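Here is a short note for a colleague who is new to this structure. Please read the points with the model open beside you.

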Amino acid sequence: MSTQRESIHGQWSSRWIFILAATGSAVGLGNIWKFPYIAGENGGGAFVLVYLLCIAAIGIPVMMAEVLLGRRGRQSPINTMRELAKDEGRSTWWALLGWSGVLGGFLILSYYSVIAGWGLAYVLNSAAGNFAGAPAAEIKGIFDELMSNPGELIFWHSLFMLMTMLVVARGVKKGLEMAVRWLMPALFVLLLVMVGYAINSGEFMRGASFLFSPDFSKLTANGVLIAMGHAFFTLSLGMGAIMIYGSYMPGDASIAKTSMAVAIADTAVALLAGLAIFPIVFANNLEPGAGPGLIFQTLPIAFGQMPGGTFFGSLFFVLLVFAAWSSAISLIEPAVAWLVENRRWSRIKASVICGMATWVVGLGTVLSFNLWEGYTLWGKTFFDLLDYLTANIMLPLGGLFIAIFAAWVMSRESTRDELELGDGGAYPLWRFMVRFVTPLAVIIVFFNAIGLL
Ligand code: TRP
């Protein structure tokens with residue numbers, strides 16, 4: 001039988017390392033930078049509720065499907081999809097799903113690296129004491145100044161891309177284990193410290209109620225699509241990142257338990273980030289819908305006021321960069337693994353070439369915050385378009401087809417075998433979710449947002 005394939009890229013040393021690596025991929029800018037600002041732009045509570053529902057009803061089942069496909073195929077998503085389709089006697093056109101994942105990861109990384117570059121710039125800003133005692137207006141000035149300077153943005157974007165290439169070239173395992181073992185927990189603790197600060201800042205309840213009291217009149221159809229897209233984005237689903245990490249997973253680990261653990265950790269980080277940021281927003285009369293600059297214009301205010309803020313601020317941005325780093329790696333790993341498998345390139349060559357190509361596309365995002373700011377299509381800049389196309393279209397579609405493949409194309413025996421959920425209700429529940437709930441939800445939310453429903 002072909003179920004016992006082995007990955008040529010190696011395997012995680014234990015189930016625990018898989019959890020850490022998948023959490024490293026999931027927890028990133030999506031949780032700390034993106035979640036708060038899109039929650040702010042879409043009115044808070046109701047948006048957050050839809051996002052949480054999507055995580056539970058779509059995210060976890062699709063994550064299980066992705067891990068299961070990866071572990072069964074044990075190759076890059078492109079080759080995994082081709083092989084599994086063959087196993088089931090279906091068309092090898094399914095490999096296209098792998099290709100769309102490679103493209104999606106590449107496009108996401110191009111802007112992800114630019115934003116992670118902002119994080120790097122903020123490590124320096126913090127360490128230099130630029131936030132100490134600074135009022136909100138001055139902190140916004142620091143951010144605006146950075147945005148208006150393409151040269152500086154390119155410098156930080158390049159540095160982050162280099163860091164990513166370095167780890168990917170060394171191999172995901174060696175490069176990643178240390179980062180996720182120590183730095184993820186440290187980030188978590190630091191977020192708790194920030195929430196502690198927010199509790200003392202006077203407006204904690206307003207921040208919490210903004211996040212958790214749903215007001216459905218503020219939620220648009222497009223907002224629902226953004227919430228669903230973000231559920232895919234934040235869990236790294238829909239493009240093969242989790243699939244390839246699954247391909248390095250030991251055969252005896254429980255897919256359900258590990259997926260659940262990753263989803264819970266990821267959601268906890270996002271909610272903590274929201275609870276740290278919105279009280280500061282309200283205490284300083286800032287705008288919750290300030291957009292992509294939100295965390296860079298709020299958290300530094302807190303660091304500027306708290307004792308030891310220069311240290312905590314620098315540490316926070318260092319950890320943010322690490323979180324972004326461990327996510328960025330998973331965005332190009334599918335492409336690199338494919339080049340190693342099919343073109344027989346060395347990991348180094350594959351990483352450098354993928355990294356350089358991503359870097360070039362990233363320049364478009366750099367410019368969309370300054371020189372190209374005025375060039376928009378449907379009111380969106382280059383960065384907005386890229387973000388919308390990937391997070392709200394490509395990832396949900398990728399997730400939809402992954403669900404269809406796992407639940408409609410693969411035989412019940414194949415998935416049952418791989419998931420090992422026992423004889424209770426867990427397996428039928430999972431199959432029901434990916435067979436009906438995920439496809440219907442994605443389709444309805446899509447058409448609703450386009451205005452056809
Ligand atoms: N999940 C990461 C975050 O929230 C980003 C990310 C990494 C990602 N790999 C991915 C998003 C794959 C989509 C697909 O920051």
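1. Start with helix H4. Glu83 and Lys86 lie three residues apart there, so about one helical turn separates them. Helices are DSSP runs of H or I with at least four residues, and strands are runs of E with at least two, numbered from the N terminus. Glu83 and Lys86 form a salt bridge, with the closest N and O atoms 3.5 Å apart. The term means a side-chain nitrogen of Lys or Arg within 4 Å of a carboxyl oxygen of Asp or Glu. Salt bridges with shared partners join Arg5, Glu83, Lys86 and Asp87 into one network.

2. A word on the source. This is a predicted model, in which local features need pLDDT of at least 70, side-chain atom pairs count only at pLDDT 80 or more, and totals for chains, interfaces and linings use all residues. Residues are numbered from 1 along each chain as its sequence is written, and side-chain values use heavy atoms, with hydrogens and water left out.

3. Arg5 also meets Glu83 in a salt bridge, at 3.8 Å from N to O. Arg5 is buried, at 17% relative accessible area. Glu83 is partly exposed at 23%, and Lys86 is partly exposed at 48%. Buried means under 20%, exposed over 50%, and partly exposed in between (1.4 Å probe, protein chains only).

4. How many salt bridges does the whole structure hold? A search finds eight. One of them joins the side chains of Arg71 and Glu418, at 2.9 Å from N to O. Arg71 lies in helix H3 (residues 45-73) and Glu418 in helix H17 (residues 412-419), so the pair ties together parts 347 residues apart in sequence. Arg71 and Glu418 are both buried.

5. Next, the aromatic side chains. The structure holds 31 aromatic pairs. Rings of Phe, Tyr and Trp (its six-membered ring) pair if their centres lie within 6.5 Å; planes under 30 degrees apart count as stacked, over 60 as edge-to-face, the rest as tilted. Phe296 and Phe317 have ring centres 6.1 Å apart and planes at 15 degrees, so they are stacked. Phe296 belongs to helix H13 (residues 294-305) and Phe317 to helix H14 (residues 309-342), so this pair ties together parts 21 residues apart in sequence. Both Phe296 and Phe317 are buried.

6. Phe322 and Trp325 make a tilted pair, 5.2 Å centre to centre with 40 degrees between the planes. Both lie in helix H14, three residues apart. Ser330 is in helix H14 too. Ser330 is buried, with 1% relative accessible area. Its side chain makes a polar contact with the side chain of Ser25, at 2.8 Å. A polar contact is a pair of N or O atoms within 3.5 Å; within protein, one must be able to donate a hydrogen and the other to accept it, and residues adjacent in sequence count only if both atoms are side-chain atoms.

7. Which backbone atoms meet the ligand? A polar backbone atom of Gly30 is 2.7 Å from a ligand oxygen. A backbone N or O atom of Leu29 lies 3.1 Å from a ligand oxygen. For Thr234, a backbone N or O atom lies 3.2 Å from a ligand nitrogen.
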